[in-house]
Structures are given as C-alpha cells and as structure tokens.
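Colleague: I would like to go through the labels on this model one by one. Tell me what each rests on.

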Amino acid sequence: MGTASKLASNEVVSDAPSAAIPPDWREEFDAAARRPLRTRFRYSFIHTYKPVLDDAPFRAFDTTAEYRRWCEENLPDWLGYGRV
Amino acid sequence: MGAFEYRQAEEIRDTFSQHGIRYLFIGKSGAILLGFPDTTQDADLFVERNPQNCRALVGALRSLGFELTENQAAEIERGKDFVQLKNGPFDLDLIFAPDGIERFDDAWQRHIDVEGFPVCHIDDIIASKLATNRQKDRESLPRLQSFRAYWLQKGRRG
C-alpha cells in the first residue's frame with residue numbers, strides 16, 4: 001500500500017495485518033461484519049445537540065487550519081475538538 | 001434534526017452521481033461504511049476542488065434540500081477548505097482540503113467502493129485523523145487502527 005509513510009513517524013500503523021487486536025474488539029468487528037450496511041448505519045449514526053457547533057446553519061472557512069482554530073477558540077473543551 | 005440515515009446516504013450517492021460529482025466519504029462516517037463499528041453524528045465528504053465539481057455540488061446540494069443563499073453557494077463554488085452545512089435534511093461537512101491527505105487524486109486512486117458509496121481507504125482515514133490530532137480523534141485512533149488490522153486480515157471491501 002505504501003501509505004503508512006504518510007503517518008507521523010512515531011505513530012505509523014504497521015502494514016502487516018497481523019497487529020494484535022484486542023479480543024473484545026475483534027468480536028465487535030466480527031459482529032459488525034455480519035450485519036448489512038443498512039443495519040450498521042442504524043447503529044452508528046446518532047444525533048445529540050452540540051453547543052455552539054450546532055447553532056449556525058452554515059459555516060465556511062478559507063482554510064482547514066482556520067476551522068481548527070475556530071473550533072479551539074469557540075467550542076467547549078469537552079466536545080473534544082481541541083488539538084492535543 | 002434526526003440522526004443521519006442510510007436512506008439519506010443513498011440520496012447523496014444517487015444525487016451526486018447524477019450531477020457527476022467526484023467525492024469520497026471520509027472520517028468516521030467513511031470508516032463506518034468500511035465496517036467499523038462505532039458511532040458518529042454526521043457525514044464528512046472529501047470533495048474534489050475544481051470549478052466544475054464545485055458548481056455541480058451546489059446544484060446537487062439544492063436537489064437534496066439544502067437551502068443555500070447565493071452567498072453560501074458562492075462560497076462552496078469557490079471551494080473553501082471546510083464547509084459545515086446544517087441547513088438541510090441532515091448535517092454534512094464538506095472538506096476540500098483534509099489534514100493528512102495531499103491531493104484528492106491520491107485518495108481517489110486508493111478509494112474503496114462500498115455498495116456504490118465511494119469511500120476513502122482506511123489508511124487515508126487514519127492519516128487524516130492523525131494529522132488533525134484532536135482529542136476526539138486521539139481517543140478513537142487505537143480502535144480504528146485495530147479495525148485497520150482486522151480489515152486487512154479479512155481482505156474486506158466494506
């Protein structure tokens with residue numbers, strides 16, 4: 001694939017598909033694989049109100065960096081949009 | 001506003017196809033299409049930025065029921081890096097320049113077709129989340145990386 005080189009050097013995901021998968025996650029992946037896509041959708045998409053973020057019908061940002069800054073400066077920390 | 005539904009994803013797929021738009025599902029919504037069991041709130045679309053694609057995108061969004069003013073339509077046509085839509089039948093993020101992916105064409109060459117839905121490769125989804133480096137991405141990355149390993153083992157294509 002060759003795409004692993006794009007990732008941060010200390011966080012490269014191994015191209016080898018044999019990386020350890022926690023057993024409980026593997027069970028969940030297996031269960032999801034048995035469900036049709038329509039069912040996966042029903043379980044996966046939820047909607048809860050996000051303060052500030054949901055309070056405008058339209059926002060556009062010239063750059064992605066500008067959007068990230070806006071999130072950090074305007075959204076509550078607990079929403080998790082702040083960069084680490 | 002309810003949760004994003006499969007029927008609405010189909011509407012995006014079919015309408016965007018009719019309008020000839022080049023785009024990819026990205027982010028957690030893309031991972032879910034690939035089979036990742038997790039939750040998210042809205043759909044993220046990586047849209048190719050070129051004048052023809054962006055003009056067609058405005059028409060497609062209006063067909064889907066998004067109420068765009070002329071100014072808003074103009075901003076989409078200009079291909080701003082990030083557009084957040086909450087003025088339609090569902091929430092939608094349009095991303096023209098995602099973190100961690102240099103060119104749309106690169107992602108397109110690697111993309112996966114899942115029942116007609118064009119989806120970024122899991123490596124691009126992970127690369128984008130790593131580059132974005134938000135708290136919420138950091139929290140979901142270990143599980144997403146495990147899913148990548150699983151997905152490769154199974155040779156799955158959605």
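Colleague: What makes Asn133(B) partly exposed?

Modeller: This is a predicted model, and the label comes from a count. Asn133(B) has 17 other C-beta atoms within 10 Å. Buried needs 20 or more, and exposed needs 12 or fewer. The value of 17 falls in between, so Asn133(B) is called partly exposed.

Colleague: Where is Asn133(B) placed?

Modeller: In the loop between H6 and H7 of chain B. Phi of Asn133(B) is near 60°, a positive value in a residue other than glycine.

Colleague: Why is Glu115(B) called partly exposed?

Modeller: Glu115(B) has 14 other C-beta atoms within 10 Å.

Colleague: How far is Phe90(B) from Ala127(B)?

Modeller: Their C-alpha atoms are separated by 26 Å, and the two residues are 37 apart along the chain.

Colleague: What makes S3(B) and S4(B) a pair?

Modeller: Pairing takes at least two bridges. S3(B) and S4(B) are joined by four, so they qualify. They run antiparallel. In S4(B), Leu94(B) is the bridge partner of Val83(B). The two strands form a hairpin, with six residues between them.

Colleague: How do you know that S3(B) also pairs with chain A?

Modeller: By that criterion of at least two bridges. Four bridges join S3(B) to strand S1 (residues 58–61) of chain A, again antiparallel. Phe58(A) has Leu85(B) as its bridge partner. Phe61(A) stands opposite Phe82(B).

Colleague: Which way do the residues of S3(B) point?

Modeller: Phe82(B) and Gln84(B) point one way, Val83(B) and Leu85(B) the other way. All are buried.

Colleague: How many residues take part where the chains touch?

Modeller: 51 residues of chain B are in contact with 42 residues of chain A. The elements of chain B that give two or more residues are helix H1 (6–18), helix H4 (70–77), strand S3 (82–85), helix H6 (122–132) and helix H7 (135–154). H7(B) gives the largest share, twelve residues. By class, the chain B side has 20 nonpolar, 14 polar and 17 charged residues.

Colleague: What makes helix H2 (residues 27–34) of chain B mostly covered?

Modeller: Eight of its eight residues are buried. Among them are Gly27(B), Lys28(B), Ser29(B) and Leu34(B). Gly35(B) follows H2(B), and its phi is positive, near 120°.

Colleague: Which residues touch the most other members of the largest nonpolar core?

Modeller: Phe25(B), Leu45(B), Phe46(B) and Leu94(B), in a core of 55 residues. Not counting residues up to four places away in sequence, Leu45(B) touches Tyr23(B), Phe25(B), Ile26(B), Leu92(B), Leu94(B) and Ile95(B). In soluble globular proteins, nonpolar side chains tend to be buried together.

Colleague: How do you know that chain B agrees with a compact globule?

Modeller: A compact globule of 158 residues would have a radius of gyration near 15 Å. Chain B has 15 Å, so the value agrees. Along its principal axes, the C-alpha trace spans about 45 × 30 × 30 Å. Of the 158 residues, 48% count as buried.

Colleague: What share of contacts in chain B joins residues 24 or more positions apart?

Modeller: 63%, taken over contacts with a separation of 6 or more.

Colleague: Last one. How many helices and strands does chain B have?

Modeller: Seven helices and six strands. From the N terminus on, they run α-β-α-β-α-α-β-β-α-β-β-α-α.

Note on methods
Residues are numbered from 1 along each chain as its sequence is written. Chains are lettered from A and ligands numbered from 1 in the order in which they are written. This is a predicted model: local features need pLDDT of at least 70, side-chain atom pairs count only at pLDDT 80 or more; totals for chains, interfaces and linings use all residues. Two residues are in contact if their C-beta atoms, placed from the backbone, lie within 7 Å. Ala, Val, Leu, Ile, Met, Phe, Trp, Tyr, Cys and Pro count as nonpolar, Asp, Glu, Lys and Arg as charged, and the others, Gly among them, as polar. A nonpolar core is a set of buried Ala, Val, Leu, Ile, Met, Phe, Trp, Tyr and Cys residues joined through C-beta atoms within 7 Å. The radius of gyration is taken over C-alpha atoms; the globule rule is 2.2 Å times the number of residues to the power 0.38.
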